[in-house]
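Welcome, and take a moment to look over the sequence and the structure below. We will go through them together, one part at a time.

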Amino acid sequence: MAHPPRHSAMLSLSNSGSSANSDKQQPPQQIQHIANTGLRVPSNRKTIYDRHLNRSRNAEISRSSFAFLFGEMVTYAQRRVTGIQDLEKRLNEQGYPMGLRLLDLLYYRTITSSTSSSLASSSTSTAPPNRPLRILPLLHLIHGPLWRLLFNRPADALEHSVSPDTPNEYMITDNDPLVNAYVSVPKEMHMLNCAAFVAGIIEGVCDGCGFEAKVTAHNQPTELWPGRTIFLVRFGESVMEREKVLERAGIK
Amino acid sequence: MTVFSLIIINKAGGLVYQREFQPGLRKLSTNDYLVLAGTFHGVHAITRSITPKLPLSTASTAATTPTSSNMPPTPGIPNSFTPGSAFTFPNPGTPATGLECLETDKFRLTCFQTLTGTKFLLFTDPIMGNIDVVMKKVYELYADYVMKNPFYQLEMPVRCEAFDRHLGGWLRGRT
Amino acid sequence: MSATKASRIGEELWKTRIDKVNAELVTLTYGTIVAQLCQDYDSNYQEVNKQLDKMGYNIGMRLIEDFLAKSGVGRCSNFRETADMIAKVGFKIFLNISPTVTNWTSDNNQFSLVFDENPLADFVELPDDGRAQDELWFSNILCGVLRGALEMVQMQVDAHFVSDVLRGDDATEMRVSLVRYIEDEMPPEEE
Amino acid sequence: MSYYFTILSPTDVPLFNIAFGTSKSGGDGIARFRFPDTAQYMNQFIIHSSLDIVEEAQWMNGNMYLKHIDTYPPAAAYITAFLAPSGARFLLLHQPPQLPSTTAPGNGSSSLLGSSFSSSALSGGSSSRASSSSIGANPTSPQTEEAVRQFMNEVYENYVKTMMSPFYRQGLEIKSPVFRSRVTAAGRKWL
């Protein structure tokens, strides 16, 4: 079984009180690092821990707001890089941490929602959804629930690369990516695809689930869909090794 | 219902967009279009400045009293709030718009100036109705596919592929 | 134009004319932008505030066209009407919130916007580094948006936050003041 | 019953840990480990020794809540695990109170994979300790599994709330005192 890089360091945390006395507020007797005085909170003592995670589940905001914010993110990134690869890399890095957050939010929502619609479309059990153990359930999770959370619709296609020498490549297609809806890339930069931001989100989700991958966004315009984008997902060697082992162990 | 062509002029009078929608129109050189845009901008400003001002007593008693109405004075017009002057625009509530329409027997030119100073010039056949619907849609497409395009720099010529595509598609769909 | 009329317009536009997206997409995207700025300026929060304001300014100059195109509203006849237009129509059609307009100065040139909800700051807890809660204005982009948008309709304003629940205050309040009406038609250069 | 709970990042960097005692059947919530002075390092050692099992279980069992995954006979302690989809691992060490002269149960820490893979976590090695219905005494009793599941779910909810803030980067230690009090409360409620 492939192991992610391991730190064998023993727990270095020093703020673990030997006994947590539940009734009186335990005096912070951590010695080394300054005890956190904690953040100031409004008089109603509300913190992010009092905010229900599902509160904004169906909340809506204008599409223009997203377009302007995303546009400014691209402009800001553009000013700090030279060349298309750098720009795409930066957009990817901005999307990556969102992928990790969305992953946990997605799973949290299916644990708590009564109609725990199964996340990975392959599993039909009404029990909390399974973490994806194989590439296909992972890609179904991205193609379906993740896209619906982000864009209120599933992605348009999910394919496995046909060529034998790239078994680790899969493609998720979006005919009209929201992020590029108002973006017109100048001719001289035609290779650029700002959906590299979404590629970063996908990469965050893959890595989060333990499927280390590189994801890139590519323009594949058609007459009907001028903004059509292919997200190429390239899984690492260790993932492909594990796939073989799990296949033999009959894990679907 | 035929829209011949569209011209967009930025707030400084510079031509930022020009496009024909009907085949067979006589083409002007790009330089001529630049001159046309600048000239129109000047004429438009003049028409704003020659809006007649009526003595205050005869003007309809405007709801806004001069003191609290800090309505921005129309540019290029001597500030009409100077104490003692008893003249005001026919309807002080709404600023003077300047040239809005210019018609010949062959075409009508409709000009829509936004509050931000951008001017949209639409050349259509004289009998075409509901120009304001077309104008409003053009402004929306401009707000969507030009203003929200991170690769468009304000006040510069508009070269946004998505704007061309949606504008062409929408106008073609209507003719 | 009374405030209630403005809210009716805002509600109507929101229901009929606005394309919508999932609010969390905007919330998380904005959070990523601020986090990235804090990283790029290694937690120099004054600089982050400035950058957010500049980004907002660039957005505001474009957003005003979208606002005018979608709402079709005419010029406001006074600053009080402008305030209602901002709070009840502008914020409604862009962020689906309606902050309250209050604390007018006697000369009608300054007012406050009090936000009882702020989608940009959803899920957010400021870094517990003893500085962020005193220096960072998380939603500072909104000040820039107001400044940029109003400048395009010949109103020079100053906008800045005076309190934020993320800082432990009881309300999030932005102070907006009219500096002057802009006479000439020269386009503002993009910052 | 004393508990030691820890959250490890996907690369086993400790993000959070806490020790507490059961509040059930008159418990006062104070941890009383077998070897009080070395308890902290002892617990960490036990947890780290079960990471290999977690690693394997992670790819065998798709659930987030892996239930009872390992036993540490010398201290008659056992470990339950919960995996956050984004890679964080929640590990809970259960240590029954010191019963006079009980011998440790038969087989050692039979790894999940050792026995034929079956849906219920650990079928072998029923402990010879007096089986009491109190939470935690018998690792695979439905009450224990259910209690720990509820505890893990509640901690997970608060973990997601921590994670959703744009300023939290994965692998950052969770220092929020509010988070700590929420975990304590969950412990008191379910365990």
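This is a predicted model: local features need pLDDT of at least 70, side-chain atom pairs count only at pLDDT 80 or more; totals for chains, interfaces and linings use all residues.

Residues are numbered from 1 along each chain as its sequence is written, while chains are lettered from A and ligands numbered from 1 in the order in which they are written.

Let us begin with chain C, which has six helices and five strands. Here helices (H or I, at least four residues) and strands (E, at least two) are DSSP runs, numbered from the N terminus. If you follow the sequence of chain C, the pattern reads α-β-α-α-α-β-β-α-α-β-β. The radius of gyration of chain C, taken over C-alpha atoms, is 16 Å, close to the 16 Å that the globule rule gives for 191 residues, so chain C is as compact as a globular protein of that length. That rule is 2.2 Å times the number of residues to the power 0.38. Along its principal axes, the C-alpha trace of chain C spans about 45 × 35 × 30 Å.

How much of chain C counts as buried? Of its 191 residues, 56% do. A residue is buried if 20 or more other C-beta atoms lie within 10 Å of its own, exposed if 12 or fewer, and partly exposed in between, with C-beta atoms placed from the backbone.

Now turn to where chain A touches chain D: 40 residues from chain A and 48 residues from chain D take part. Two residues are in contact if their C-beta atoms, placed from the backbone, lie within 7 Å. On the side of chain A, the elements giving two or more residues are helix 2 (84–112) and helix 5 (237–248). Helix 2 of chain A provides the largest share, nine residues.

Finally, have a look at two backbone details. Most residues other than glycine have a negative phi. R45(A), however, is not a glycine and has a positive phi of about 55°. You will find R45(A) in the segment before strand 1 (60–62) of chain A, where R45(A) is exposed, with 8 other C-beta atoms within 10 Å. S43(C), also not a glycine, has a positive phi of about 60°. S43(C) sits in the loop between helix 2 (23–40) and helix 3 (45–71) of chain C, and counts as partly exposed, with 16 C-beta neighbours inside 10 Å.
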